[in-house]
Amino acid sequence: METQDLREALSYNLKKYRKNKGWSQFELAEKAEISEQTVNSIEGLRLWPSDKTLAKMANVLEVEMYRLFVPQKISIQSESIAELKHAVVKTVETLVHDTLNDWETQ
């Protein structure tokens, strides 16, 4: 699974769970204590959220975090979940590592 696939799954699922609650982007942002622009940018595939932001959104949406990354085109089986969790962890680790390296070089 590529990073772009994860971004698209996150965008799709975030919108789906948000709309299932009947919330606007503003309402999700307010409940998760993040900015509306952050929600808009994640759903618009322009921003990769921090782990804290992901946790806040999953918490207020009342879903397990990994479900935000489940592609809608596949059926969920235990092997798929394991692969998805691995891909998410690897992607997040890479993003955190890159961010920390950027901070260190500034």
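Here's a quick briefing on a handful of side-chain interactions in this structure. Keep in mind that the model is predicted. There are 2 salt bridges to look at, plus 1 aromatic pair from a search of the whole structure. We'll also stop at Gln25, which sits in helix H2 (residues 25-32).

**Salt bridges**

- Side chains of opposite charge can pair when their charged atoms come close.
- One of the salt bridges joins the side chains of Glu43 and Arg18, with an N to O distance of 2.8 Å.
- That pair links distant parts of the chain, as Glu43 belongs to helix H3 (residues 36-43) and Arg18 to helix H1 (residues 3-20), 25 residues apart.
- Glu43 and Arg18 are both buried.
- Lys21 and Glu62 make a salt bridge too, and their closest N and O atoms are 2.4 Å apart.
- Here the partners come from loops: Lys21 is in the one between H1 and H2, while Glu62 is in the one between helix H4 (51-61) and helix H5 (78-104), and the two are 41 residues apart.

**Around Gln25**

- Gln25 has a relative accessibility of 18%, so it counts as buried, given that the label applies under 20%.
- Its side chain makes a polar contact of 3.1 Å with the side chain of Asn40.
- If you skip neighbours within four places in sequence, Gln25 is in contact with Arg18, Glu36, Val39, Asn40 and Glu43.
- That list includes Arg18 and Glu43, the two residues that meet in the 2.8 Å salt bridge.

**Aromatic rings**

- A pair of aromatic rings is described by the distance of the centres and the angle of the planes.
- For Trp48 and Phe69, those values are 5.7 Å centre to centre and 35° between the planes, and the pair is classed as tilted.
- Trp48 lies in the loop between H3 and H4 and Phe69 in the loop between H4 and H5, so their pairing ties together parts that are 21 residues apart in sequence.
- Trp48 is buried at 13% relative accessibility.
- Phe69 is buried as well, with a relative accessible area of 0%.

**A charge over a ring**

- Lys16 lies over the face of Tyr17, and the distance from the ring centre is 4.6 Å.

Notes. Residues numbered from 1 in each chain as written. Predicted model: local features only at pLDDT ≥ 70, side-chain atom pairs only at ≥ 80, totals over all residues. Heavy atoms only, no water. Helix = DSSP H or I, 4+ residues; strand = E, 2+ residues; numbered from the N terminus. Buried < 20%, exposed > 50% of the residue type's maximum accessible area, 1.4 Å probe, protein only. Polar contact = N/O pair within 3.5 Å; in protein donor to acceptor, adjacent residues only side chain to side chain. Contact = heavy atoms within 4.5 Å. Salt bridge = Lys/Arg side-chain N within 4 Å of Asp/Glu carboxyl O. Phe/Tyr/Trp six-rings, centres within 6.5 Å; stacked < 30°, edge-to-face > 60°. Lys NZ or Arg CZ within 6 Å of the ring centre and 35° of its normal.
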